[in-house]
Each structure stands twice: as structure tokens, then as C-alpha cells.
Amino acid sequence: MAGRLPGAASAAAAPLPRALLLLAALALFSLTFLSLRSLRPAAAPPSLAIGGSRPSSFARPSVYHSAEAFAAGYAEMERSFKVYMYPDGDPKTFYQTPRKLTGKYASEGYFFQNIRESRFRTGDPDKAHLFFVPISPHKMRGKGTSYENMTIIVKDYVEGLINKYPYWNRTLGADHFFVTCHDVGVRAFEGLPFMVKNSIRVVCSPSYNVDFIPHKDIALPQVLQPFALPEGGNDVENRTILGFWAGHRNSKIRVILAQVWENDTELAISNNRISRAIGELVYQKQFYRTKFCICPGGSQVNSARISDSIHYGCVPVILSDYYDLPFNDILDWRKFAVVLKERDVYQLKSILKSISQEEFVELHKSLVQNISCPQVQKHFVWHSPPLPYDAFHMVMYELWLRHHVIKY
């Protein structure tokens, strides 16, 4: 304390308030700068170029959840994805080859055909990302195999693959998948609960209430091929009927739909399929004249009527609970369809009439127009050999997405 002048302590403390004032001034300046910067318009998102096509302007909202992610992932899949198809089993019975490529279960047949024709197939299992178990319940059903025998045949076949090859045991089947579109196809694998739990199921009846697991399993689109008439296009002016459905009462929702609306003057609802006696292809031609095609679940949540509606350019109205729609994690269905709960059937007419003409036109355009990227219609048709962005390639892309989460 000796030698210090009076007031020295207060003089030494003086710089501290000045420093605080300086920091406060800097903070105020920084906040002002950031606030002004936030008022600047955000940079435009990167445009999409699929398959080397010119960038898309996307004047309308994209039908994809993320068009950029789809483009990049699809290109990577084309470059590197490989699937090993087990060669075991006599192709003349239930294995490796399709039963047929027509009818409402054509999707199963086309996948079996397409995988053999595609460059995704590899004969070297050590290069494979996934393993395909090629047994066809549809083909078994076509040969008159009973459900009980079908379960036994599937169980014996899969257990034979597990015992013969080392690949299953690396992941307990997590990198294996099977494909079935037949109604009894999922039941045919009930003798293999570990396969249902672990493997990827590509099925036409993806109902949440029958053990379908969306992040693991895949909804296979049910497509009734061949289509009787060309795909619908930019034909909004011809669509004067508000809503259309004709079919059989093979589910509770269909019974209610027919009871409530079959006598309505604005909704063309019929309890039975339109008879050919009325005229050639009257049922299919009705799709061309309708704005909204009603797609209630049948004996399963799925229906080939959804892909029919998409093909003919009629906006599908999904009327099924617990339904994981095909390519649901890629496509934003609400951009080209009307998705309702079954309880909405009682307000069906008022819901459809509440959709403005402008909104309907946008939904229709999203179905049928191509803005430098595949329109939705292309994703719901099968070809042999397969074509880019068709139903086969979309299913393969779903498989490609799932293989990334498999660790071994």
C-alpha cells in the first residue's frame, strides 16, 4: 500500500467500464448487420437434371419429396447397385421365372423377368449389395398349390439356401428380399417368421395392420397390364364427370361406397364392373371422362385401379386405411392424388366438390406432364426389357435406399 497515491485504485478500474461499452457497441453492430443480411433474398435451390437432361425450372411444385436427392440417388444406383439372384430351384416349377406378364398380378411376373434382363444382376455374390430369393407364390398358385403346401415349399426352399450358402448368416437375412404380388404371397412365408421380421418384403398388399414395416419393406405397385387404351394426356376439357368407381363389394369400404353414392347424379358409382355387353372398353373409356377416380381398398388395401387411374390421367382418390402407397418415400402423393381415410366416404362428394378447377388442373398436370423429368405415369408401368424410371427401376431404387442401412 506504501507509495500508492490516493485515487489510484479508482483510476485503475476506469478501463473496465470502457471495455464493456466497446463490447456492447460491437455486439449491437453485429446484430444490425445480421438482421440486414437476413432481409436479402435466399439463394435459389439447385436445379435438377435427371439422366443428363436440361435443368428443370419446376414451375409447379415437384411430385418428389426431394427431386435433387432422387436424381442423385438414382444415378448412383444405376452406376453401382448389384443384386445376387439365387440360382437354385427348377425354373419350370416355382423359381426364377415368372408365371405370366398379364393380369392384376403382373407386377410379380415382371420383376422376375426384369431382374434377369437388367444390369443390376450379378453372378458374383461377393459383389452383391442385396440377395434376391426368387420363389414366386403367384406361379405356385397358378399350378394349383394349396396354401398349406405353399408354406411348406417356401420354408424348405429358404432353409435350403441358408444351409447351402454363407450369405444369410452374415446379417440374419437383413440383406435378402423376396417379391410377391399375389394375395396369398405374404401368407406363404408365414412358416419363416425370422424372414418376415428381418428380410425386405416387396409386396402388393402393404398394410400397416398386417406387420408391414414401412422403413424396411417395400410397396410393390399392383399394375393390371397390358393397358387396353393409351395413357391419358392433357385432356382436362373432356373430364366432365366428378367421380367414378365400378367394382365388386368385396370389402367393407366398397359396400359403404356403393350404398351411399350409387344413386348420386354427379358421382358415377356402380356396384358391379361395367358389362362388356354395353360396349367395348366402356369401363376403361370412363377413366378418360372423369376428374377423380375413386380407389377403395378391396380384399386388401391395394387395388390395381390406382395404377389404372394414373395411366388414364384420372386423379386417383385413395380410400384405404393403413396403406403405405407405392414409392411413398419418393413421391409426394398429395401433389397428384387425393388421399382420404375410409371414414371420409360419407363426405366424399363434398370433399371432391370443394377442390377448385384450378387445383384439379394442377393435380392432373402433375400426373401427365413432363417437365424435364419423368412424369408420374412412367413410374407405374412395366416393360420388358425394363426402361429408365419405370416401375422396375423405381422398385430397384427403393431397394437401393434400404441397402444403405444394412450393416455387416
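Author: Helix H11 (residues 304-312) lies across strand S7 (241-246), S9 and S10, and runs at about 165° to S9. Helices (H or I, at least four residues) and strands (E, at least two) are DSSP runs, numbered from the N terminus. Axes are lines fitted to C-alpha atoms, for helices over the stretch in contact (heavy atoms within 4.5 Å), and angles run from 0 to 180 degrees between N-to-C directions. Helix H13 (residues 357-368) lies across S9, S10 and S11, at about 95° to S10.

The model is predicted: local features need pLDDT of at least 70, side-chain atom pairs count only at pLDDT 80 or more, and totals for chains, interfaces and linings use all residues. Residues are numbered from 1 along each chain as its sequence is written, and side-chain values use heavy atoms, with hydrogens and water left out.

Strand S9 (residues 290-296) pairs with S10 in the parallel sense over five bridges; pairing requires at least two DSSP bridges. Here Phe292 stands opposite Val315. S10 also pairs with strand S11 (residues 338-340), in the parallel sense over three bridges, where Val317 faces Val338 and Leu319 stands opposite Leu340. The open sheet of five strands has the order S8-S7-S9-S10-S11; its edge strands are S8 (267-270) and S11.
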